[in-house]
Amino acid sequence: MDGVSRRDDEWLEADGRGGYASATVLGPRTRRYHALLLYATRPPTGRVVLVNGVEAWLEGEGRRVPLTSQRYLPDVEAPAATAPCIGFTTQPWPCWRLRVDDRHDLLAECLVERAGGRTVLRWQLVEARAGKGVLPDAGVRQAAASARAGQNAGREGAGQDARRAGTGQDTLRAPWRLCVRPLLSGRDYHALHHENPVFDFTAACEPGRVQWRPYAGLPAIEASGNGRYRHEPDWYRNFSYARERERGLDDGEDLATPGVFTFDLAAGAAVLILAARPDGQAAAAPGGTGVNGTASVIDASSVTGSSSVTGDGSPTGAAGVTAAATSTVAMAGGPDGSAHAGADADGAAARAEVEAIMAAERARRAAFPDRLRRSADAYLVTRRPGLTLLAGYPWFTDWGRDTFIAMRGLLLATGRIAEAGDLLEAWTGHVSEGMLPNCFPDDGGVPAYNTIDASLWFVVAVHDYLATGHASAARRQRLREAVDAILRGHVQGCRYGIAVDDDGLLRGGVAGQQLTWMDARANGREVTPRIGKPVEVQALWINALRIASAWDDGLPPRLDRAQRTFEARFPSPRGGLYDVIDADHVAGRVDAAIRPNQILAVGGLPYPVLEGMAARHVLETVQLHLWTPLGLRTLAPGEPGYVGRYAGGPAQRDAAYHQGTAWPWLMGPFTQAWLRVQGDVPATRDDARRRFLEPLLRQLDEGGLDHIAEVVDGDAPHAWGGAPCQAWSLGELLRIMAWLETPAAGAAVGSTAAGSASVGATVVGLASGRRGTLVTDPDPDPDPDPDPDPDPDATLR
């Protein structure tokens, strides 16, 4: 991975509640959604950005070495980070190795703790070394911790490096001091923040921690660690976010900075823990002792005379600070502000706390056998009561349709059967008039039931879950009752004209509502309205009838009528299938545009609706007109309205969203259809892995690292766009990988056996490799890579 061209790739650390930390690998923040502490006040919604980022630099040897950079309006990047990155990995969490000088490298790490949702930052100086093996693995970090405790952690090779890094034999002589300035807001994650007089810079300080509460009604921000805090409130203005500008949105923001943390790196690793405190409780006890015996709460108004300071950081009000010591707290020392006061002057307790957090997280993440399943875990989050799946990061919450499509791969194909059952049962309580919600509003309002297919995807997910055999009799009954309520509602008629027609097919749609997954609106109108009888809705309906026929003897006649009508009416003389018949509820009117929805009649669902030559015609049409290496186009090139690039402002992007833009999640149904048509034998499986999975696996190293993006351009080179981390994109990759590895793959029962299957080692070899490691080695010495990338052909056979 090239460190220059790939600097804007993004990493993600999720907290399991809807919050996360995320940023670019090497460059400034590029999105309003990038943050170090983003917290969900009503998991998984009510998301607020508390700590947007930090400005960090080293001081020593008469030099200042910037470690981070920011982008400001109109298009200025400053300061230029002068410590080159010689290594980066996302495993087990984001870790950078920066070259400080010819003797020292700086290891910087960032992780989000799943148990408490805290963001942990750690920096430590180590001996500089050449070669590609520049990043520590878990063993090196553990050895370093043991060495600091005085134990003999030495081994050959890496152990020698661990001793040198861990004992501080070189770092104790290092003159470097780390400075970290947090950048705060306290805003909705969709919004932007601007300088204002309401922002409260008050800092509640006690040894070991500092707390701010910028706005009433929002959680307080707590920072703990082993540095010294100097209260120095200021505003940093006119940050610019390149991705927002590309999306045609406002991209300017002002952030507040309350002060600066400093750490003596010669004393050991610098650690900083960021946490949200919903109760806003002050870090220091009432009446406690603060800096130089003063009250432990440092009030910005008394420090600066107002909540703003001049550009050079000097106070703007009359009541300025008379001595710098009155606004300094030694977080690891005593209340006198001295660097080595107190029983914990060297910050051992803070470092031990971070080591414990990292050990727990390392063990939790090691339980996942590969990075695909570690990434899948990010989407499973808390929704009181129970669990849910987020549709994507950074801006999606949980959507019904996305949940039921994605869970088949994210949960069932990865063996997380219990969570899948809990999630499905939680959704049964939302069945209304035969429908399940499309989404839950962020503000906690009434769920939106504007979907024709989410309820049918639920039936499919229930089928795959029940096929694992893990459901209790009581749960099986409750899920079947929910399915019965959905089918009964569709027969009797639901919202938006959704009902079974006389021909046995499912019709639906009204003007002003977009009910299928092609749900974009531009300039107040639906781009692809699809009112009538959409092809994939019929495939889902026929599958739902067949699934429920297993326990309802009255459904087979209805199933037979729908199947015969589908076979008679959907084949198109152009090849493949019509996208919509009886369009706009006009009998006989068809939409003959070549779209990918027809693939679900052959692959992606438990039961193929078409087989034989009819299925082959569908596959050939889709492969000829819609297939790209990273997904299926939503409209064939040459069709009226085709747009090959997903770019521009909201109106332009919405107009392109389903008019040519390709979607990676559709590669799951396509691959399954391809195998059903070509013949599910070992040779075709090998071919499918090479042709259809390997390009997606390579996407794990681009854009949203370890994840698959929401969309890619329909035109080459198929640049990714939309959300960098999308649940159903990763879920369908996992589902089809598991399906390929189960002996039942290709049988008439479809994908059910994938429910409890683990992803085969022959496939995950590529997914679990260290392709996520970025190395821009300034040393031309051709040292052999200790962990070379696996041969794709070898791992995919």
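Okay, let's start with helix α13, residues 612-625. It has 14 residues, and at 1.5 Å a residue it should span 20 Å; the end C-alpha atoms sit 20 Å apart, so that agrees. The expected span here is 1.5 Å times one less than the number of residues. And a helix is a DSSP run of H or I with at least four residues, a strand a run of E with at least two, numbered from the N terminus.

Quick word on what we're looking at: this is a predicted model, where local features need pLDDT of at least 70, side-chain atom pairs count only at pLDDT 80 or more, and totals for chains, interfaces and linings use all residues. Residues are numbered from 1 along each chain as its sequence is written, and side-chain values use heavy atoms, with hydrogens and water left out.

Back to α13. Which of its residues are buried? They are Ala615, Val618, Leu619, Thr621 and Val622. Buried means under 20% relative accessible area, exposed over 50%, and partly exposed in between, with a 1.4 Å probe and protein chains only. Looking down the axis of α13, the buried residues fall within an arc of 160°, so they line one face of the helix. That arc is taken from the directions from the helix axis to the C-beta atoms. On the other side of α13, Gly612, Met613 and Leu624 are exposed. Remember, an α-helix has 3.6 residues a turn, so residues three or four places apart point the same way.

Three strands make an open, antiparallel sheet in the order β28-β29-β30. The edges are β28 (533-534) and β30 (590-591), each pairing on one side only. Strands count as paired if DSSP finds at least two bridges between them, and two bridges join β28 to β29 (residues 580-581). Lysine 533 stands opposite isoleucine 581 in β29.

Last up, the largest pocket. A pocket, on a 1 Å grid over the protein atoms alone, is an open set of points where a 1.4 Å probe fits, with protein on both sides within 12 Å along at least five of seven lines; lining residues have an atom within 4 Å of a point. How many residues line the largest one? There are 50, and Tyr646, Arg653, Tyr657, Glu710 and Gly722 lie nearest its centre. Helix α14 gives the most to that lining, three residues.
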